[in-house]
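Please read the following note beside the sequence and the model, and take the points in order. They begin with the chain as a whole and end with a single residue.

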Amino acid sequence: MTTLLDLCSLIRSKNAGPFVLTFDFMCRDEHSYRTLRDSGLLTPQLFADLYGADPDRVLVVHHDRAQAVKVSLPRPVRQGDIHDSDSYGGQQYAPLVDREVPVAPLSMYTMLTSPYEENADRVDSGEVPLPPR
Amino acid sequence: MEIRILAPTGALGAGFRRESLERGVAMLPHVIACDAGSTDSGPYHLGSGVPKLSREAVTRDLRLLLKARDTLGVPLIIGSCGTSGRDAGVDLVAGIARDIAAQEGLSFRLALIYADQDPAYLTKRYEQGRIRPLDPAPPIDRDTLTDSHVVGMMGVEPIQQALREGAEVVLAGRASDTALFAALPHVMGADPGLTWHAAKTIECGAACAIPPSADGLFVHLREDCFDVEPLDPAARLTPLSVAAHTLYENANPYLITEPSGILDTTDASYTALDERRVRVAGARYRPSDTYTIKLEGSRLVGYQTIAVGGIRDRVVIEQLPTLLPMAQRYFRAKISDIFDGRVDPDDIDIDYRLYGQHAVLGPLDPARDRTAHELGVLITITAPTQALARAVATFVAHSSSHLPIPQYEGLASTVAFPFSPPETDRGPVYRFTLNHVVVPSTPYEMFRTVHHEVMP
């Protein structure tokens, strides 16, 4: 079983201004990043379920060059309001740490196609294998 | 062309190594810039005007920066003075700068740029439909704009104007962090995409270095790329650490909005020059059709008194889900009784936070059904006046320590209070009220600049 903590060197939640909560999933290496990205775990629906957000207002960004997945959503309570329990948003990621990362059914295919498109130089140099076409 | 930018630290008063600044000065920057504020510390600083960092810490950093600027003869730009960027924060840092100038024998032309917003101006723009919400924004009305303390977040333009008018030290109120670093390179003709990206990269100082620290970064900005390096020789940057910094405290790492447009880092490339330095290229700046200034507002909500305690007895812990709602009903009746109807119980908020039992994540905590063997209790009373908050807190704390436990006969003792008295006044509390922008007629009209000659 692979968890988010297995794949990430840093899992972080922070404010992006007083009204937005944002999560950074910084992966240990390129393979971890692709595993996480292609697993389909970090979806708007997951964050809607965990933080009560409208899934249409959850932004999920895959940042290939930073080997990171970023998720942002409206803060459940505005920062520092009288019933806010986490003014810096610093511990909101906690329920995700041990979350199991599913194996993507097409992971072999997506792992091999994406680097070809995004890292043509590295494919040419033989560092990344060519996709089966 | 090469424009060199020195970013000594992430926040004025957060500190940096003297040797790092000296190393940066030796590389002959064209400008030294530094942010001094943020909303991240919460609504208190904007609402009250009280800075987050101490006068001593700000003085220490500012003294070194003013001396470095004097050595180099280049502009020193500091933004969001006093944490919130309120006028009071600008005046506070200006006072410190004057004291330092007197002590160190420094003279400089000082520009103060004020960012507090006049309620009459905001009301006029609101009525014109020129105050627009950013997603997600709280609902507002005219009163929101007049009940709150509001600052506008300036772009590069007022800073550039101050520099054109001869300022050597610019102390700005609330300002876009990136604008402080982008202002001068823009005037010198640097590519806006690269400039804004370089500014975004260094605005937190060495926060993106390995290891992250309160220290500085240095940028060499050229026609087609910029190189960035940490000022501490023991720290290093990698393409990954620099790319990852666009994620920090930012909703979308690819699109960063400024008053005049959007920085798009989608096609940016990050290349290691060696073990410590990274070359960055490829970001684009897309000017917007409409110039917008972001507003930040904070409003007084009331006054708080808190009591902190602990519960160890499992019998008490098991009863809390029924006892706390019962206690809340009792407090409402008691408020009506004690104040003889002069205080509306709806105006007083009594909040229990049980640390050890989903206090941080609340009812959303996936582990909420786990039983705790020891609980921390934070009781928070928020009321329209401090005296009222304290008066209510005294009987709330007292009653909380004598909750009626069905299994026990006689007067039970249910909370361990570590302090005497258990109640502590927290003072005024504030609420962020705006996530909006104004469409001004010019980039300058919301900000006021005053020039001074500072002599030792």
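**Note on chain B**

1. Before anything else, please keep in mind that this is a predicted model. With that said, chain B exposes about 18,700 Å² of surface, and 51% of that area is supplied by carbon and sulfur atoms.

2. As for the overall dimensions, the C-alpha atoms of chain B fill a box of roughly 85 × 50 × 45 Å when the box is taken along the principal axes. Chain B has 456 residues, of which 56% count as buried.

3. The secondary structure of chain B consists of twelve helices and 20 strands. When one considers the contacts in chain B between residues at least 6 apart in sequence, 78% of them join residues that are at least 24 apart.

4. Is Val316(B) buried or exposed? Its relative accessible area is 2%, and because buried means under 20%, Val316(B) counts as buried.

5. Which residues touch Val316(B), once its neighbours within four places in sequence are left aside? Val316(B) is then in contact with Ile311(B), Ile405(B) and Thr414(B). Tyr44(B), to take another position, is 272 residues from Val316(B) in sequence, and the C-alpha atoms of Tyr44(B) and Val316(B) are 35 Å apart in space.

Methods. Residues numbered from 1 in each chain as written. Chains lettered and ligands numbered in written order. Predicted model: local features only at pLDDT ≥ 70, side-chain atom pairs only at ≥ 80, totals over all residues. Heavy atoms only, no water. Helix = DSSP H or I, 4+ residues; strand = E, 2+ residues; numbered from the N terminus. Buried < 20%, exposed > 50% of the residue type's maximum accessible area, 1.4 Å probe, protein only. Contact = heavy atoms within 4.5 Å. Areas by Shrake-Rupley, 256 points an atom, 1.4 Å probe, with all protein chains shown as cover.
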